[in-house]
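Hi,

Here is the structure I promised to send over. Have a look at it first, then read on for what turned up.

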Amino acid sequence: MTPDSNPPILELRDLTVSYRTGGRGSDALRGVSLAVERGQTYGLVGESGSGKSTLALAVMRYLGGEGAVARGEIRFDGRDLLALSPADLRRIWGREMALVPQDPFTALNPAMRIGEQLAEGLRLRFGLNPAEARAAALDALRSVRLPDAERAADSYPHQLSGGQQQRVLIALALSGRPKLLVLDEPTTALDVTTEAAVLDLVRDLTRAAGASALYVTHNLGVVAGRTERVAVLYASELVEDAPTADLFRQPLHPYTRGLLDSVPRLGQRKDERRLTGIDGSIPPPGDLPPGCVFEPRCPLAVDRCRAERPALDEPLPGRRVRCHRWPEILSGEVSARRELPPALPSATESGEPLLRLEDVTVRYPLRRTAAETLRREPKKAVRAVSGVSLSLKQGRTLGIVGESGSGKTSLARAIVGLVQRSDGDIHLMEVELPPRLSQRGRALLAQLQMVFQNPEEALNPYLTVGESLSRPLVNLLGVSRAEARQRAGDLLEAVRLPRTYAARLPAQLSGGEKQRVAIARAFAANPALLLADEPVSSLDVSVQANILNLLTDLQREHAAATLFISHDIAVVAYLADEVAVMYLGQLMETGPAAALFEPPYHPYTEALLSAIPAPDPTVRQAAIRLAGELPSAVDVPSGCPFHTRCPRALGAVCETQTPPWQTAPGGKRIFCHIPVEELAAQQLPVVVFGGEGE
Amino acid sequence: MLIYLLRRLGFLGLTVVVTSLLVFLIAQVLPGDVCRVILGREAGEARIAECRADLHLDDPAPVRYLRWLADFARGDWGESYATGFEIRPLVLDRLRMSLMLAGLTFVVAVPLAVALGMLAAVNRGKWLDTVISLGSLAVVGLPEFVTGILLIELVAFRVPWLPASSSLPVGAPFRAALPALVLPALTATLVLLAYIARLTRAGVVEELKQNYVRTAELKGLPRLTVLVKHVLRNALLPTITVVAISAGWLVSGLVVIENVFNYPGLGRLLVFAIDRRDLPALQAIVMLTVVAFALANLAADLLYAALNPRIRVG
Amino acid sequence: MLRPYWRIVIQAQLTENSIIPTAGQRFLRFARRLFADFPTALGTSIMLLFVLAAVFGPLLAPYGFNQSIYEHPRQPPDSSHWFGTDHLARDVFSRVLVGARSVLLLAGGGTLVAVALGTLVGLASGYAGGWLDELLMRLFDSLLALPALLLALLLLGTLRAAYGESVSAVSKGLGVFLVLAVVYTPIVARVVRSVVLAVKTRSYVEAARLQGESLGWILFREILPAALPALAVEAALRFSYAIFLTSSLGYLGVGVQPPNPDWGLMVNEGRRNVSQVPWAMWFPAAAISLVVVGANLMADGLKRALREE
């Protein structure tokens with residue numbers, strides 16, 4: 001497709017980037033070579049610490065003060081980028097290559113109107129006069145489908161939502177009509193439905209402009225459906241590079257294999273096939289192993305891997321891999337795929353519910369301004385959760401899915417008592433839970449424990465792991481201090497950590513290890529109900545699977561019920577027995593996890609499912625994209641809260657009347673005005689599985 | 001914006017109430033019997049009683065506080081125990097002298113300090129930054145009276161037209177007072193300069209790390225445009241706060257400096273009042289300074305709001 | 001050389017058994033930070049010397065602080081009188097050495113009171129939140145509008161006016177303490193409170209609440225340690241300002257009275273006789289500046305270490 005006379009738009013040859021920190025240099029990238037052809041969309045996948053962000057910045061030749069290219073070559077559009085003067089670079093930046101940065105909240109100047117932030121570059125690049133530049137800026141904003149370009153142009157960044165800000169940044173990057181677009185985790189800060197819309201937009205616009213794109217991301221799902229080639233980075237090195245479909249179908253590097261097996265395929269369930277994950281954690285850039293960088297974690301490592309660094313070989317045309325054992329992997333003699341026995345099925349649905357919520361509502365009152373008090377306006381409140389009723393039986397897992405602002409975390413916090421519910425009843429084992437934490441006795445506290453999202457702040461950094469683990473034993477179970485120390489060691493073993501870790505401080509643990517300790521602490525007092533609030537979403541993909549497995553096993557051993565909260569519908573579908581979907585503080589749909597992917601769906605669930613970034617290029621998804629922005633939780637829309645964005649809204653009835661709960665086949669319950677039969681008739685399965693079956 | 005303004009005004013009122021309460025407690029309640037203080041230990045009981053009635057000292061403390069505050073607000077600041085003159089004209093004259101000195105200092109020090117701080121931040125780690133940082137650190141360590149004396153010893157005795165003592169007639173117009181103002185203002189400038197420059201540098205360094213700076217650079221804008229148009233504006237916001245805080249610093253500094261140079265400002269009067277045990281003058285001066293300082297802070301707040309779109313619009 | 005030796009000792013202790021950090025090791029880790037680079041080490045050394053002088057000054061001083069050596073009046077610095085003698089033939093070196101104690105007691109003691117009070121108030125206010133917090137913070141904001149020197153002058157001036165020169169040194173010292181407490185407590189409380197606000201929503205604090213920990217444990221074991229680094233920086237800064245304040249009061253003649261060897265007062269007295277005994281002014285002035293620079297260097301170093309964490 002590409003004639004040889006036409007050089008790639010971007011070519012890296014043996015690129016090595018070093019950072020100097022505290023007098024010592026360490027390589028953030030080691031000998032990376034790759035080529036992005038003209039018009040190609042190239043994915044670059046890596047976990048944190050892989051060097052992927054360094055690569056994105058190095059391609060722009062915008063490394064900070066400490067980073068420098070130590071060796072190698074960057075050729076952009078046939079030119080040697082490293083030989084360019086700063087003035088030449090400024091001519092290329094924005095004009096020939098542009099960056100879409102990771103965090104839209106901080107990437108725009110907070111004190112400048114959006115229009116001017118776009119126009120200043122246009123005036124400079126194309127010599128436009130102010131009026132022309134303004135018109136061009138408005139065009140750019142329209143091209144990224146911002147509904148009211150005029151208003152957006154006159155806004156300051158803080159007046160826009162995250163998704164809108166990211167669109168502005170895309171408009172900014174594309175406004176110079178660059179030949180290469182570098183996207184550094186462009187959607188990581190966004191919700192799933194927004195992410196899908198933004199990714200579609202980038203695909204359409206780069207295609208229309210004939211530009212090339214380099215997608216840098218940690219998310220396999222993002223590259224699967226949208227790139228032509230994918231390179232995998234691990235610990236500063238490029239370990240595999242292949243056409244996207246080939247990579248997902250037949251990964252040749254054990255690390256790639258491990259990554260793919262760490263995330264649930266759509267529809268994968270824990271009692272059918274377990275996630276396997278990769279043991280250990282990524283080595284720090286200053287301390288790479290002498291042989292293959294992946295050797296310490298590799299299930300196929302042999303002596304040679306410890307001693308000798310593998311070269312980047314080309315086993316098949318267009319495929320490259322950095323592994324000593326690729327011939328055996330290619331021929332099928334060995335496989336890096338690990339099999340774990342599937343999880344035992346959850347306890348059957350019998351007996352009284354362990355946890356029962358009735359009409360639980362959480363409101364955070366807002367203070368009135370002086371003017372509002374004078375006008376005697378009623379007090380406003382953020383309605384984080386409104387009227388949620390749920391029940392959960394012993395030993396089972398209920399997954400709650402929702403985007404940010406859906407109220408899922410508030411609901412969990414109301415159950416454990418970290419926030420007070422404003423209304424409704426919560427019963428645990430038929431005992432009513434008092435709203436305030438201080439009204440709950442120790443026996444009650446012991447029954448309800450929580451695992452939090454961010455492992456970095458899960459443990460008190462000033463207490464040793466042993467101290468952290470023995471506190472709940474002493475407080476809640478009344479165990480003596482000496483015995484608590486002993487049992488802290490047992491708890492560590494239960495979460496597959498060595499007993500010697502008891503003496504460590506959290507700073508000496510990796511993120512995954514911290515989360516293991518946090519889980520051990522939550523199970524210490526043998527709770528009847530565990531609430532897990534996004535317990536793996538801050539962790540690297542390869543670590544997530546092991547934590548999920550651990551949660552499953554411990555839950556089984558303790559016969560505890562779990563309320564699992566996540567924005568990741570694939571993970572919830574994998575782990576949970578039942579699923580509840582939340583939007584703007586209300587439940588939209590509940591039902592068995594096994595039926596989640598089967599129509600009929602609530603229209604919101606339908607949109608969520610279609611937006612999942614599936615880590616599988618063979619999966620076909622309908623493109624249902626939500627219009628508009630999430631309404632404010634202060635002024636929740638009347639009637640059905642979803643009516644402002646619902647693609648299937650019926651009209652007046654949705655706007656004024658609260659929808660009924662309808663029962664659908666498969667045990668689902670749907671909160672919608674559209675009759676279930678009609679939904680079933682209109683809806684096709686959103687996700688069609690291809691290739692490797694379940 | 002209007003709500004913000006109202007809130008700031010409300011806060012100004014609170015500040016005046018709280019600080020005046022403190023001043024009242026110290027100056028009116030702490031001494032016990034104010035009349036004893038005025039009339040001396042030998043005064044007869046009859047005169048004391050008469051005085052107490054005059055000053056309403058037998059009223060309950062809240063009533064006395066309110067009356068005292070109302071009097072102050074009306075401009076009735078009483079008579080000096082020491083001289084018997086009315087306090088207000090005396091204090092206002094001295095205030096004018098102090099403001100002259102403070103104004104000159106501010107006009108010189110603030111732009112210079114902000115410029116130096118930015119220069120140091122932009123050249124972070126280079127020799128210019130080192131020089132500015134070390135210089136400002138050295139000056140920060142010197143109390144105002146040491147700096148002042150140093151300047152007198154080093155400069156005033158060598159430059160004939162700069163007087164070592166700045167004792168001026170109180171009503172002196174600015175132009176006539178200028179030579180005498182130079183050294184005190186320079187002393188205050190040095191101290192303020194170091195302080196503001198250090199904090200400005202820290203603010204700009206922080207601002208330069210922000211992601212939007214990268215966005216601006218990657219538009220291909222010239223470095224100078226990025227600095228002036230993008231960084232400067234945002235870095236000014238924290239700088240305003242710094243300058244407002246340093247106004248309080250300047251108030252304390254000026255008291256010392258005026259005494260070092262014998263400059264006839266409010267600070268000099270304050271120490272006189274203490275020497276002469278002149279309580280009414282003392283509290284009037286302190287109250288006036290506090291109010292002036294609170295007003296300066298209000299001005300800074302408003303400027304901050306005007307420059308910050310997050311406050312100005314929604 | 002002090003610095004390299006210290007570093008070696010501390011390094012050795014830390015690597016030997018770094019898995020179990022005892023209280024002693026945590027202290028050593030903190031101590032190592034105080035010698036992490038040259039400016040910080042310089043600042044720490046100055047402060048150590050100063051504290052030593054304050055504690056042992058009267059023992060080490062070759063002469064009494066108010067002892068006139070009539071054989072050597074107005075002597076320039078030489079080997080027998082390192083800092084010379086003043087207009088009353090007193091040994092300036094001895095006076096500076098002895099005066100260190102009053103500086104440490106007043107400035108250091110006042111800072112300590114403010115830090116202790118500010119920590120308690122900041123912890124309570126930040127953790128409780130709600131209207132109490134709101135009220136305290138507004139109150140503190142308005143107290144921030146009080147220039148410390150002005151308040152001190154008002155208080156000491158009133159004391160003098162009401163009770164004459166008979167006001168004892170103790171009550172003056174208490175007055176300075178009070179002023180420092182009133183003016184610096186809000187500042188320290190704000191620093192602590194901002195850390196509390198950031199920390200109290202962290203998962204480990206919430207986990208502690210879910211595990212039935214007592215309020216005292218949560219405040220002092222879960223939250224306070226996170227505030228300690230910022231508190232150390234603030235304490236060093238406050239101390240340097242407190243020295244400014246007390247020496248300015250001394251210079252203005254409002255604080256302690258002669259013949260007390262207060263450094264500010266010595267500068268004041270020295271200035272009156274500057275043409276004859278300039279050294280009697282410059283040495284105490286240099287001592288003040290040195291200690292303030294030392295405290296600032298230490299604060300800067302702690303701040304840097306804090307940022308690296």
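Before we start, one term: "contact" here means heavy atoms within 4.5 Å. Also keep in mind that this is a predicted model.

Let's begin inside chain A, with two helices. Helix α17 of chain A covers residues 465–477, and helix α18 of chain A covers residues 481–494. Their axes come within 8 Å and cross at roughly 120°, which means that α17(A) is oblique to α18(A). The crossing of the two is right-handed.

Who touches whom? On the α17(A) side, the residues in contact include Val465(A), Leu469(A), Arg471(A), Leu473(A) and Leu477(A). Across from them, α18(A) brings in Arg481(A), Ala484(A), Ala488(A) and Leu491(A), among others. Sorted by type, the residues of this contact come out as nine nonpolar, two polar and five charged.

Now for chain C, which meets chain A through 22 residues of chain C and 28 residues of chain A. The two chains bury about 2,400 Å² between them, with 51% of that on carbon and sulfur atoms.

Cheers

Key
Residues numbered from 1 in each chain as written. Chains lettered and ligands numbered in written order. Predicted model: local features only at pLDDT ≥ 70, side-chain atom pairs only at ≥ 80, totals over all residues. Heavy atoms only, no water. Axes fitted to C-alpha atoms, helices over the stretch in contact; angles between N-to-C directions. Helix = DSSP H or I, 4+ residues; strand = E, 2+ residues; numbered from the N terminus. Parallel < 35°, antiparallel > 145°, perpendicular 65-115°, else oblique. Left-handed = near helix turned anticlockwise from the far one by under 90°. Nonpolar A, V, L, I, M, F, W, Y, C, P; charged D, E, K, R; others polar. Buried area = accessible area lost by both parts, 1.4 Å probe.
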